[in-house]
Amino acid sequence: MHGRLKVKTSEEQAEAKRLEREQKLKLYQSATQTVFQKRQAGELDESVLELTSQILGANPDFATLWNCRREVLQQLEAQKSPEELAALVKTELGFLESCLRVNPKSYGTWHHRCWLLGRLPEPNWARELELCARFLEVDERNFHCWDYRRFVAAQAPVPPAEELAFTDSLITRNFSNYSSWHYRSCLLPQLHPQPDSGPQGRLPEDVLLKELELVQNAFFTDPNDQSAWFYHRWLLGRADPQDALRCLHVSRDEACLTVSFSRPVLVGSGTETLLLIVDKSPLAVEWRTPDGRTRPSHVWLCDLPAASLNDQLPQHTFRVIWTAGDAQKECVLLKGRQEGWCRDSATDEQLFRCELSVEKSTVLQSELESCKELQELEPENKWCLLTIILLMRALDPLLYEKETLQYFQTLKAVDPMRAAYLDDLRSKFLLENSVLKMEYAEVRVLHLGHKDLTVLCHLEQLLLVTHLDLSHNRLRALPPALAALRCLEVLQANDNAIESLDGVTSLPRLQELSLCNNRLRQSTLLQPLASCPRLALLHLQGNPLCQAVGTSEHLAELLPSVNSILT
């Protein structure tokens with residue numbers, strides 16, 4: 001190689017090397033066995049430190065031996081004088097550095113160093129920062145060292161501004177540094193906390209624009225490095241809409257009140273508290289999710305007592321206050337009406353994104369044009385194609401809808417391994433656009449057929465929909481989230497690939513369900529339909545289960561509450 005002749009190893013040399021390896025292995029196994037014997041006998045003394053040093057010095061990833069050293073050090077803490085203990089710790093820190101030179105990405109070594117420093121009364125954090133800087137000089141992408149640096153910076157404590165400057169220096173030297181970009185995403189919210197936002201919330205616009213400029217320079221410098229593209233995607237997500245109650249619905253028939261949120265919440269967790277006030281009086285209720293699962297959900301509902309639905313009164317006023325989101329919504333149920341609701345405008349374009357200022361819109365528009373130019377130079381750069389799609393979504397999802405779909409086709413051809421993910425993302429965006437196109441907030445019929453959908457998202461936005469057409473798509477299931485459609489009466493899902501019906505469980509108003517030409521193979525898959533109290537008409541033509549003899553009779557026994565089952 002490189003002009004050098006390869007010297008053949010003689011049989012004697014090969015045998016000598018084999019014997020040397022065997023000798024090392026015997027010493028390794030003997031030392032390990034001795035350590036385990038002494039540990040089992042409770043002989044945790046300095047000889048164990050010496051033995052484990054011999055082994056860990058060659059193989060720092062032997063996690064059990066690091067545990068042994070910690071047990072020994074804990075015992076020696078009570079036996080040594082302060083001076084002796086300080087000398088022991090100094091020796092241990094030096095040993096750890098030697099192990100890190102053997103393997104700078106050893107989980108056990110970095111963890112042991114954290115443990116050791118955490119037990120010292122006055123650690124030298126400045127020295128630890130210097131140690132991190134030295135190892136990051138060798139490999140600026142050593143995420144083990146970055147994790148340790150974050151630990152040190154938190155303990156020191158180092159001001160976030162200084163750490164951000166440190167990331168500046170490393171990113172400037174090499175843009176391909178995912179850990180450094182990630183660290184920035186942790187530091188910026190600390191440096192610029194927003195009163196109405198969480199720890200990972202919005203950034204001030206001037207900071208956001210500056211970061212967008214920095215990251216744009218990065219992915220133009222090295223378009224194929226994914227770290228800068230990931231950070232850019234994080235920046236685009238730093239403008240999430242504010243917390244809000246999207247819709248409030250009350251039903252006299254079901255004696256139920258339903259509320260939908262702008263994000264999944266866990267009501268009753270202590271932080272997400274909902275207060276219900278009926279006719280100016282607080283009402284204690286039990287909140288639950290539509291699918292019965294105790295987990296964060298966009299939609300929560302509660303049962304209402306008969307007194308709050310008295311039809312002898314002119315009206316009832318229902319107000320829900322979301323204390324964590326500092327939001328509330330009110331609706332009125334009039335005498336003689338079976339339901340009442342109040343919801344945000346479905347045509348509000350800020351429903352799935354944050355309102356853009358002139359400055360930010362200008363910057364994003366410029367980035368979009370730059371990415372399109374880069375894509376012409378790098379036609380198979382998947383990160384560039386995905387960023388173009390996300391920028392168009394951030395700017396104007398409806399204006400760029402047709403162009404977005406074309407870019408999805410190109411991206412799937414470039415990145416076929418992620419075709420399923422891209423199909424799901426495309427479906428999500430199409431559903432968002434369909435919601436935005438609803439002419440009025442009171443629109444209750446929605447056609448989503450022939451859109452090549454593979455997944456259903458944002459179903460919490462369809463709380464008031466009574467008729468939903470999902471025919472001629474590529475759906476494989478009606479998911480549990482479908483239970484959020486509390487007003488749904490007619491559901492058409494013909495010509496899909498549906499194999500599961502979990503989502504139809506307890507849809508209180510479902511009257512007609514059409515599932516022709518799907519992949520329902522066993523009649524037991526229809527069992528969830530038994531919990532739909534009003535289901536009267538079921539279309540099953542073209543499913544494999546219809547090929548069985550006596551299917552109609554069997555299904556009639558399985559679903560006695562359904563008036564008509566067409567197979």
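**Labels and their cut-offs**

Mentor: Tyr107, Trp110, Arg113, Cys114 and Leu117 in α5 meet Phe143, His144, Cys145, Tyr148 and Phe151 in α7, where contact means heavy atoms within 4.5 Å. Helices are DSSP runs of H or I with at least four residues, strands are runs of E with at least two, and both are numbered from the N terminus. This is a predicted model, in which local features need pLDDT of at least 70 and side-chain atom pairs count only at pLDDT 80 or more, while totals for chains, interfaces and linings use all residues. Residues are numbered from 1 along each chain as its sequence is written, and side-chain values use heavy atoms, with hydrogens and water left out.

Trainee: What makes α5 roughly parallel to α7?
Mentor: The axes of α5 (residues 107-119) and α7 cross at roughly 10 degrees and come within 10 Å. Axes are lines fitted to C-alpha atoms, for helices over the stretch in contact, and angles run from 0 to 180 degrees between N-to-C directions. Angles under 35 degrees count as roughly parallel, over 145 as roughly antiparallel, 65 to 115 as roughly perpendicular and the rest as oblique. Therefore α5 is roughly parallel to α7.

Trainee: At what angle do α7 and α9 pack?
Mentor: Helix α7 (residues 143-155) and helix α9 (residues 178-191) pack at about 30 degrees, with axes 9 Å apart. So α7 also gets the label roughly parallel to α9. Phe143, Trp146, Arg150 and Ala153 of α7 make this contact with Ser179, Ser180, His182 and Tyr183 of α9.

Trainee: Why does cysteine 546 count as buried?
Mentor: Buried means under 20% relative accessible area, exposed over 50%, and partly exposed in between (1.4 Å probe, protein chains only). Cysteine 546 has 17% relative accessibility, so it counts as buried. Cysteine 371 is at 0%, so it is buried as well.

Trainee: And why is phenylalanine 318 called buried?
Mentor: Its relative accessibility is 0%, so phenylalanine 318 counts as buried. Phenylalanine 318 lies in strand β7 (residues 315-322). Leaving aside neighbours within four places in sequence, its contacts include Leu248, Val250 and Ile277.
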